[in-house]
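Trainee: I would like to go through the labels given to some side chains here and see what each one rests on.

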Amino acid sequence: MKIKSFWLGVIIAIVMTILYQTLSVIIHSFQDNEMEEMITLLDINYIPALPTEGVPTFEFNLYPPNARGESDRQSKKLSDFKGKPVILHFWAPWCPPCVSELPEYDNFAKGKKVIDLSVVFDGSLYQKVSAFYEKHSIKNLTTVIDEKGKLARAMKIESTPTTIFIDKNGKEVGRIADAINWKSKAVVNLLLAQML
């Protein structure tokens, strides 16, 4: 009788341990999700734009994601995208946070109803940027080559990476002068809500 009681106690202890560990994982998972849900614009260094801040009206060189060279270059203005939200992501190949963030931004750009423009403003030519994209498996970004930094100056870019959010009316709504966690649904949803 004592042996049966002993084994029953062992089985109960094992079941209780498994239940405790399972509940612990569920609770921690819920707490992590809840913490991500409670993120604010302040948490991600979002700076709202002044209502009077417009966007530049001059043309710039743009290369679609499937561009094969200079022959695919297009001349565009930001006003050409009116009616759709636009994200201008300023970066440079010599900037380590830019390089680590770009694949996440590229993945974010896949299938979104937002015009995602990757703006390279360090004087790089398209061939150099194309080789960089190939090396880092970047496939979804439309690229703006801002060779002389004209667009960067017009948008008052002071550091890289900097991401500017423009609503469908062609007005800047805000910016983040820092790397962004493009993998976080909470961050992405918060940012998209500012533009739509």
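This is a predicted model: local features need pLDDT of at least 70, side-chain atom pairs count only at pLDDT 80 or more; totals for chains, interfaces and linings use all residues.

Mentor: Residues are numbered from 1 along each chain as its sequence is written, and side-chain values use heavy atoms, with hydrogens and water left out.

Trainee: Why is the pair of Tyr 46 and Phe 165 called tilted?

Mentor: Rings of Phe, Tyr and Trp (its six-membered ring) pair if their centres lie within 6.5 Å; planes under 30 degrees apart count as stacked, over 60 as edge-to-face and the rest as tilted. The centres of Tyr 46 and Phe 165 are 6.0 Å apart and their planes stand at 35°, so this pair is tilted.

Trainee: What makes the pair of Trp 91 and Tyr 133 stacked?

Mentor: Their planes are at 20° and their centres 6.3 Å apart, so the pair counts as stacked.

Trainee: How do you know that Tyr 133 counts as buried?

Mentor: Buried means under 20% relative accessible area, exposed over 50%, partly exposed in between (1.4 Å probe, protein chains only). Tyr 133 has 7% relative accessibility, so Tyr 133 counts as buried. Trp 91, at 0%, is buried too.

Trainee: What puts Lys 150 over the face of Phe 58?

Mentor: A charge sits over a ring if NZ of Lys or CZ of Arg is within 6 Å of the ring centre and within 35 degrees of the ring normal. Lys 150 lies over the face of Phe 58, at 4.4 Å from the ring centre.
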